[in-house]
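Me: I would like to learn how to read some local features of a model. Please show me the structure, and I will ask about them in turn.

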Amino acid sequence: MARNERSPLLLTVRVAPARQRYPHNTLRRFCTIALSASLVAIFILFLLPLAFFPSDISPYLPWEFPYPHRDWPRSYALPYDELQDILMSTPNEEQVKEWSEYYTSGPHLAGKNFSQALWTKDRWQEFGITDTSIVSYDVYVNYPIGHRLALLEKKGEKKEEPTKDNWVVKFEAGLEENVHKEDGTSGLEDRIPTFHGYSASGNATAPFVYANYGTHQDFEDLLEADISVKGKIVLVKYGYIFRGLKVKRAQDLGAVGVVIYSDPGDDGDETEEKGVDTYPNGPAREPSSVQRGSVQFLSIAPGDPTTPGYPSKPGVPRQDTQHSIPSIPSIPISYLDALPLLRALNGYGPKASSIGKSWEGGGLGYKGVEYNIGPSPDGLLLNLVNEQEYVTTPMWNVIGIINGSLSDEVVLIGNHRDAWIAGGAADPNSGSATFIEVIRSFGKALEKGWRPLRTIVFASWDGEEYGLIGSTEWVEEFLPWLSGSAVAYLNVDVAVSGPHFKSAASPVLNRALYEITSLVASPNQTIAGQTVRDTWSGHIQTMGSGSDYTAFQDFAGIPCVDMGFSVGPESAVYHYHSNYDSFDWMDKFGDPGWRYHVTVAKLWSLLAAKLVESPLIQFNVTDYAVGLGRYLRSLENEASQSLEGIADENNGGELRDLFDTTFAHLKRSIKKLRKAAIELDTYATELEERLGEDIPWWEWWKKVKLFYEVKKVNNKYKYFERQFLYPQGLDGRSWFKHVVFAPGLWTGYSGATFPGLVESIGERNWTNAKRWSRIIDNRVKLATELFG
Ligand SMILES: *[C@@H]1O[C@H](CO)[C@@H](O)[C@H](O)[C@H]1NC(C)=O
Ligand SMILES: *[C@@H]1O[C@H](CO)[C@@H](O)[C@H](O)[C@H]1NC(C)=O
Ligand SMILES: *[C@@H]1O[C@H](CO)[C@@H](O)[C@H](O)[C@H]1NC(C)=O
Ligand SMILES: *[C@@H]1O[C@H](CO)[C@@H](O)[C@H](O)[C@H]1NC(C)=O
Ligand SMILES: *[C@@H]1O[C@H](CO)[C@@H](O)[C@H](O)[C@H]1NC(C)=O
Ligand SMILES: *[C@@H]1O[C@H](CO)[C@@H](O)[C@H](O)[C@H]1NC(C)=O
Ligand SMILES: [Zn+2]
């Protein structure tokens, strides 16, 4: 074909037959399909699941490894049962005795013994808690300067106006505890005088009356009997309620001073009257023993009274203290010093026993005391002098941390160090000595390369005795961090004062406590092989106040446990807050052989380990919901009794109706919570089982999902108790935020349940009762939603 200008530029020129560029067509096609198939597989296997995962799952993905650590869900570098073996086998009697001997060899009043804080820190570091430091606060407290208690009698003519000259001292109280050569610390040069923490200085000379235990009811009974305490000094015995609340009620009623003594009638079977020798020869009370202690209004607010709700750091604003500490003087005395006072009332005023059942008793009848109420006769006055120095001074917490694999789940364990006396062999240094053994045990595990799953914080508090100061200030300072991370706080104050195991706990921890007490052998082997659980009734008290768990439980909503071995009626008398709470007493009467100390060390560290190491937090929220139902039923009974009295008054029927509606509401909410709680606990058990199963590697997303589900359940457990905090707090004591647990307003130590509601009913303020049941109802609903 000729070419000219019309020819197309491109022509098909056939050169040779088209040849296949790649010879293996089938293989090629196969490869292409295989490649795209595997891309799709990868997509389905690795990327598609991501689309279905919640957005906050990223920390759980394999490339974020290690989550939570390489051995998870088993313990890191140390199987759980081996960890338990270490915690069981490390504590020993010789060591704990040595630590006790150290702590009880010299005075360590709050803010007065920095060297004990340092020593504690050094031991912890030596045993492997390298991250240990001293955290201090500037706290407003009193130290004793002087005191006097004397009976003054008027000389000469009865009608004569008293002047300085015609009053003679009939009896001058010693206000000192005897020195015994058998008790090494009772005679220390620098032993601590008898006094009350946060007592007011003052000099009162007045007639006096005897007011039984000085409970709210006792003072009501006096008013009823037309015996006024106004302008008088009130003589009461220790017992039943926190001592500061005795002073508070007396002050509210116009008394000018308070004297509190220890009556041997409350000492059980081991009394001099029953022929038992007194300490140091025998287990009965040493007659000159005095119970020191704080008279802060504990049920209003613990902690530094000048900084309610915030930490006592240098330079912070300071509040007026009159709402939380007394303005009238008070002193503690022995029964030896109380005898002449009580005898002076013989024949004056009604017999105590005539007032009512709770006024009967008293253990000094054999010493010629008739327990009349008084007032004291004309011509007899009591002079009470209390001189205190108030200062703002540092207090030192020792804080140790073992970082876990999870930094946002933290288990705290603590004990206070400060004591009212040089000794404190039971309160608190049976706990402190035990604590060192706990730390030594965990240190042994660290040596083996163990790292806990959750972070552990150890705390040795200062200033507990004056008003839970070290722990309260610390919780106030670290509240945001604690609210986000804290799982539980395990407190031991007095580890051993006798042979009976006692415990208080948030109900979420009841089950864990039963399990742990079933693992540890009881020091009492009346029946061979019996565990602590076997010798314990199993009764777990509700959380009140009286030790360092208060800020955790009632202010921050963190579940707590408090435990220890304490006295029964047949035990040697424990000289609480007296010079005879000493090393020698402990060695001879309290825990000869030191086995109870070692037992507490094991219980404490095993409980901590269970909470720290289990992939699922070992709570049972069903028990909590069941508890709420029980508290409500008992409250309902009380309320209906209270309503019976006013049924005939105006609105009686209407009130009952309102109450029935209100309680019915709350009951329904608690029922719903219980249902949700059972579901959560069941689901947690199921997850725990699934964790035990083997998941093949290629089903990796199952593992991720499981991690994630565990975390979600743990978050629900962790935040559960926080839902019961009411930010505005209880009426008239807004520091207390928990709507379920608080110390009783007029008991201080023992726990009140649904305090806002109970107090409103007590005051017959039905409007407020309804307000409180709505508040509680809302909290219960929040908790239920959290589980949803
Ligand atoms: C502090 O405590 C230790 C040990 O108990 C004691 O030896 C020392 O005397 C105390 N220091 C002061 C200042 O009381
Ligand atoms: C207490 O007051 C009385 C007078 O009311 C006085 O004589 C006495 O010296 C005072 N005592 C002290 C320790 O201040
Ligand atoms: C523990 O963790 C904290 C915060 O993650 C860190 O500041 C600290 O240094 C760690 N301590 C140790 C001993 O690793
Ligand atoms: C020791 O255990 C036995 C049997 O459980 C019990 O009856 C007894 O009261 C216990 N004794 C003490 C001191 O706890
Ligand atoms: C939680 O407590 C309830 C009620 O006491 C009990 O039935 C249940 O088995 C417990 N669940 C777990 C996981 O312990
Ligand atoms: C009852 O409580 C309410 C608060 O809910 C309070 O305003 C009122 O003053 C109280 N009434 C009495 C009589 O105390
Ligand atoms: Zn204590």
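Me: In which loop does R764 lie?

Reply: This is a predicted model. R764 sits in the loop between α20 (755–762) and α21 (766–787).

Me: What is the phi of R764?

Reply: As a general idea, most residues other than glycine have a negative phi. R764 is not a glycine, yet its phi is positive, about 55°.

Me: Where is W594, and what is its phi?

Reply: W594 is in the loop between α15 (583–590) and α16. Its phi is near 60°, a positive value in a residue other than glycine. W594 is buried, since 25 other C-beta atoms lie within 10 Å.

Me: How do I read the largest nonpolar core, and which residues touch the most other members?

Reply: In soluble globular proteins, nonpolar side chains tend to be buried together. The largest nonpolar core here has 206 residues, and V234 and L607 touch the most other members. Helix α16 (residues 595–613) gives the most to this core, twelve residues.

Me: What is V234 in contact with, beyond its neighbours within four places in sequence?

Reply: Its contacts are F208, V209, A211, G214, V229, A250, A255 and V258.

Me: What does S330 touch, leaving out residues up to four places away in sequence?

Reply: S330, which is found in strand β9 (residues 330–333), touches H196, S199, V247, G257, V258, I260, V295 and N386. S330 is buried, because 28 other C-beta atoms lie within 10 Å. S330 and A200 are 130 residues apart in sequence, but their C-alpha atoms are 7.1 Å apart in space.

Me: Which residues surround ligand 1, and how do they divide by class?

Reply: The shell around ligand 1 consists of Y102, Y103, S105, G106, P107, H108, N113, S115 and Q116. Three are nonpolar, six polar and none charged. Helices α3 (93–103) and α4 (114–126) each supply at least two of the shell residues.

Me: What is around ligand 3?

Reply: T130, D131, N403 and S407 are. That shell has three polar residues, one charged and no nonpolar.

Me: Where does UniProt place the feature "domain: Peptidase M28"?

Reply: The unreviewed entry puts that feature at residues 397–587. Over those residues the chain is 33% helix and 23% strand, with end C-alpha atoms 28 Å apart. The UniProt annotation "domain: Transferrin receptor-like dimerisation", also from an unreviewed entry, covers residues 662–787. That span is 65% helix and 5% strand, and its end C-alpha atoms lie 24 Å apart.

Note on methods. Residues numbered from 1 in each chain as written. Chains lettered and ligands numbered in written order. Predicted model: local features only at pLDDT ≥ 70, side-chain atom pairs only at ≥ 80, totals over all residues. Near = placed C-beta within 6 Å. Nonpolar A, V, L, I, M, F, W, Y, C, P; charged D, E, K, R; others polar. Core = buried A, V, L, I, M, F, W, Y, C linked by C-beta atoms within 7 Å. Buried ≥ 20, exposed ≤ 12 C-beta atoms within 10 Å, placed from the backbone. Helix = DSSP H or I, 4+ residues; strand = E, 2+ residues; numbered from the N terminus. Contact = placed C-beta atoms within 7 Å. UniProt positions renumbered as here; feature names shortened; annotations may be inferred.
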